[in-house]
Amino acid sequence: MSESTIESGLQEKRVFYPSAEFSSQAQVKSLDEYQQLYDRAQADPQTFWAELAEQELHWFQPWHTVLDWQPPFAQWFVGGQTNVSYNCLDRHLTTWRRNKAALIWEGEPGDSRTLTYAQLHREVCQFANALKQLGVGKGDVVGIYMPMIPEAAIAMLACARIGAPHSVVFGGFSAEAVRDRLADGKAKLVVTADGGWRKDAIVPLKTQVDRAIADGAVPTVENVLVVRRTGQDIDMQPGRDHWWHDLQPTVSADCPAEPMDSEDVLFVLYTSGSTGKPKGVVHTTAGYNLYAHMTTKWIFDLQDTDVYWCTADVGWITGHSYIVYGPLSNGATSVMYEGAPRPSNPGCFWDVVEKYGVTIFYTAPTAIRAFIKMGSDLPQARDLSSLRLLGTVGEPINPEAWMWYHTVIGKERCPIVDTWWQTETGGVMITPLPGATPTKPGSATRPLPGILADVVDLDGNSVPDNEGGYLVVRHPWPGMMRTVYGDPDRFRRTYWEHIPPKDGRYLYFAGDGARRDEDGYFWVMGRVDDVINVAGHRLGTMEIESALVSHPAVAEAAVVGRPDEVKGNEIVAFVTLESDQEPTEELAKALKKHVGQEIGAIARPGDIRFSDALPKTRSGKIMRRLLRSIASGQEVSGDTSTLEDRSVLDKLRGGA
Ligand code: PRX
């Protein structure tokens, strides 16, 4: 990669170009080629996507309408039938890929497993037959609460095979969070494991499921299918709970993929918003499949010899699209790792890269910042020469972290793709194409072909270059979410009416602030709503506040984010106590623990501040802007004239 400087008038002026060697073998070889694709897609999005759908996916039946757009509800490839599990497995079996590694799995205690496409297909068929035997049919929702083991992907693909939408719940969420999600989705069956390894300890997943569905809390759940992973004793309720290893030998490995309508639901995945409970983001079959497939191919520049590793958990959208569906649909080799860097094994990521000769590595800026802290010796002591392409996802990357990634991990040789997207978008929206796009540290660069991204004001008008605004998308795309599960009004309100529609023109509102520079590069600034991004995980302030006030000692709570060197943001909770309660260290600890139990460890506040009152407007709204300033130790600036009781501010500052 060569470095040069352009006069952009921005703070960050460095530009890095892909090497001629990389570009010459890439899927998209130059900026011109990207621009041509982009222009073609913009001129006629429907023909653009239709051609790709025909070339890249298998269809049981062709569609008759490419896009039916009844804003804000879109249907893609209407009338067509396909199956995501077929596209990810069966179609590779008649090619040389039959015996290629589909999944390479590295377990936390050091065990490992490789499944070829033929082997993965066989296990998926068996799992699908087991689900059927337990009464799961087309349209029945299956909850999946699993550690990072191959059976998590197998369960997802098995659901897709028989047309049962899955609802994966991240293994780090608490029993309460699992209950909410299973109940909202009306899950009929839950797939889980006895336990999972997380940072040298066992997470008792099955026990959490027992708690989640106890006392008829989720009456729709009829069966629980349990995979043995950690081997400790667990309760198995006769008639309801079934071991996978007992069922597997009894079921056939023959299970043809069910032809699914393009718009049949593939999965529901819950994500946090600024109001209320997490919402079930709904993705459907054909459009999602095509979008995950194409974006993986373009962005990761997949070649047949690649060993591709995305370090996310399958419990997040990144795991869905870029560990399971995107890579497998392309016939790639996808690495799955159960562990996480931790004090007892800080170099584990680099060991995995070395052990399997990983060529493409995709991780979160938080992980990169944590590695910087641990020192460059760890990666430098490993052979990382197999790497040819690096990626980041989940949060803005600061230029310092980008540069470290570029020099220490990429040895100034590997392009970096900073990919901006969301659970709702199904796949990446704004990103460099590694062989084509010059990169600037900290910018996700340009939208993909077919994605009409813009930065606008609240009237929906584009703002001038280098002025801040709201990130929006102006045209539907195949991977877009279709609705909020069971709540189409919330879908409309949250994403399409924030910027009022005008003359039939609807803009998708992402909830992020951004600016576009004079080269058309996007710089994503972060959330503009009450969502906090902690270590690349998305958390709603309201959820955490509800968890806090569910503790008997708490009268009121307000939660804000404070910038953090490693995690991007840290959660600070301002808490007023019931009159009979004393603010003590122990209580602060107990409240942190309580949030962990209510939501999961990722939502634990880093800091609890007790206060007699919270700053409110005369109409009773908590002034979070002020709390944010106080939490980060900044001067409270801006208008405070609407504050009801100004002395609250002084007390809070004094207490901080
Ligand atoms: O704020 C943006 C941030 O993560 C949010 C989406 O979170 P989630 O749905 O959990 O999906 C995360 C994985 C795709 C966005 O609204 N975000 C994601 N990627 C980036 C980012 N912010 C800046 N740069 C990125 N590359």
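1. A polar side-chain atom of Q422 lies 2.9 Å from an oxygen atom of the ligand, inside the polar-contact limit (a pair of N or O atoms within 3.5 Å). T423 places a side-chain N or O atom 2.6 Å from a ligand oxygen atom, and a polar side-chain atom of D512 is 2.6 Å from an oxygen atom of the ligand. The protein buries 95% of the 540 Å² that the ligand exposes when taken alone (Shrake-Rupley areas, 1.4 Å probe).

2. This is a predicted model, in which local features need pLDDT of at least 70, side-chain atom pairs count only at pLDDT 80 or more, and totals for chains, interfaces and linings use all residues. Residues are numbered from 1 along each chain as its sequence is written, and side-chain values use heavy atoms, with hydrogens and water left out.

3. Around the ligand there are 17 residues (a heavy atom within 4 Å). D418, T419, T423, D512 and R538 come nearest.

4. The count of aromatic pairs is 38 (Phe, Tyr or six-membered Trp ring centres within 6.5 Å; planes under 30 degrees apart are stacked, over 60 edge-to-face, the rest tilted). F267 and Y288 pair edge-to-face, with 4.9 Å between centres and 90° between planes. Both F267 and Y288 are buried (under 20% relative accessible area, 1.4 Å probe, protein chains only).

5. Ring pairs also join W69, F73, W477, F491, Y495, W496 and Y508 into a cluster.

6. The charged end of K440 sits over the ring of Y521, 4.5 Å from its centre (NZ of Lys or CZ of Arg within 6 Å of the centre and within 35 degrees of the ring normal). R228 is placed likewise over W243, at 5.7 Å from the ring centre.

Notes. A polar contact is a pair of N or O atoms within 3.5 Å; within protein, one must be able to donate a hydrogen and the other to accept it, and residues adjacent in sequence count only if both atoms are side-chain atoms. Buried means under 20% relative accessible area, exposed over 50%, partly exposed in between (1.4 Å probe, protein chains only).
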